[in-house]
Amino acid sequence: MNTSTNLSSLSRRSVLKSRGKVLKNNEIQKLPRVSRERLVHHFKATYRLDDDQIKVMIDSSARSMNAALAALYQALDENRDLSEIARLGHSIKGLLLNMGETQWAELARELEKAAAQGKQLDFRAIVANIHQGFEDVL
Amino acid sequence: MKSLIVEDDLLSRMLLLSILSRFGECDTAENGKEAVFFVEKAINTGKPYDVMFLDIIMPVLGGQEALLQIRKIENHLGIKEPHCLKVIMVTAIEDFDNITRAFEGGHCEAYLTKPVKEAELIEHLHELELIE
């Protein structure tokens, strides 16, 4: 699977419209959108990094998130096995934890858990929700 | 200290690299297959790694499987404790089954959970006598 698709090179809104379902307010808990400032604060508070290293971490976060979202969208588009969705959910959960986004990681954990248990959730809506939450830093 | 980071996620690799590079040479691999290749090559060139940080769930070849292959290579080459590669598994929280499997097989020394915490990582390096 090609996980290197760079979503930032596309119109993110068009990607959301074409690939992700627009959520209804009562479907998934609304979480605060993630900002660059919030990520900078996390990396500064958690690790002993200089300004250049923090820039690297912000860039790496965006690249990792783009790759993780692209992989999930592709797996859903291709109706991959739920075990693959669970693996990708696990992967994005770890990424979100390292970004200090524990609430978003919890949402990813729900996706992973449901897929691992063979439950049919609206996985696309969850992925689109995460995508929307991180639009400002992608 | 020479270390190898095995992580499919770029951010995880960069975070570990930012910490471990303070203590010496540090290489990165993106999956278990690359890790096995790097470890074997390092042994064969006489400059083995002291420690490997190994993610468990990865594409191509997962951490558990990669670790089994590395232990087989060490066994085949007659490498025995305390000269075997020290391994710290890195995984997301709630992955206790995988952690337990790694410890039960006697194949790893410690584990870290994401988010990776600098103090915890350095404490493990002290415990394993990799740094003073």
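This is a predicted model: local features need pLDDT of at least 70, side-chain atom pairs count only at pLDDT 80 or more; totals for chains, interfaces and linings use all residues.

Residues are numbered from 1 along each chain as its sequence is written, while chains are lettered from A and ligands numbered from 1 in the order in which they are written.

Start by selecting chain A. You'll find 6 helices and 0 strands (DSSP runs numbered from the N terminus: H or I of at least four residues for helices, E of at least two for strands). Of its 138 residues, 38% are buried, meaning 20 or more other C-beta atoms, placed from the backbone, lie within 10 Å of the residue's own.

Next, pick residues 51-77 of chain A: that's helix 3, with 27 residues, and it reaches 39 Å from first C-alpha to last, close to the 39 Å expected at 1.5 Å a residue. Just past helix 3, click A:Asn79, which has a positive phi of about 50°.

Now show both chains. The contact (C-beta atoms within 7 Å) takes 20 residues from chain A and 14 from chain B. On the chain B side, helix 1 (residues 10-20) gives the largest share, 6 residues.

Last stop: the largest nonpolar core, 68 residues, a set of buried Ala, Val, Leu, Ile, Met, Phe, Trp, Tyr and Cys joined through C-beta atoms within 7 Å. Helix 3 of chain A gives the most to this core, 11 residues. Finish on B:Leu54, whose contacts beyond four places in sequence include B:Val6, B:Ala35 and B:Met89.

Methods. The expected span of a helix is 1.5 Å times one less than its number of residues. A residue is buried if 20 or more other C-beta atoms lie within 10 Å of its own, exposed if 12 or fewer, and partly exposed in between; C-beta atoms are placed from the backbone. Two residues are in contact if their C-beta atoms, placed from the backbone, lie within 7 Å.
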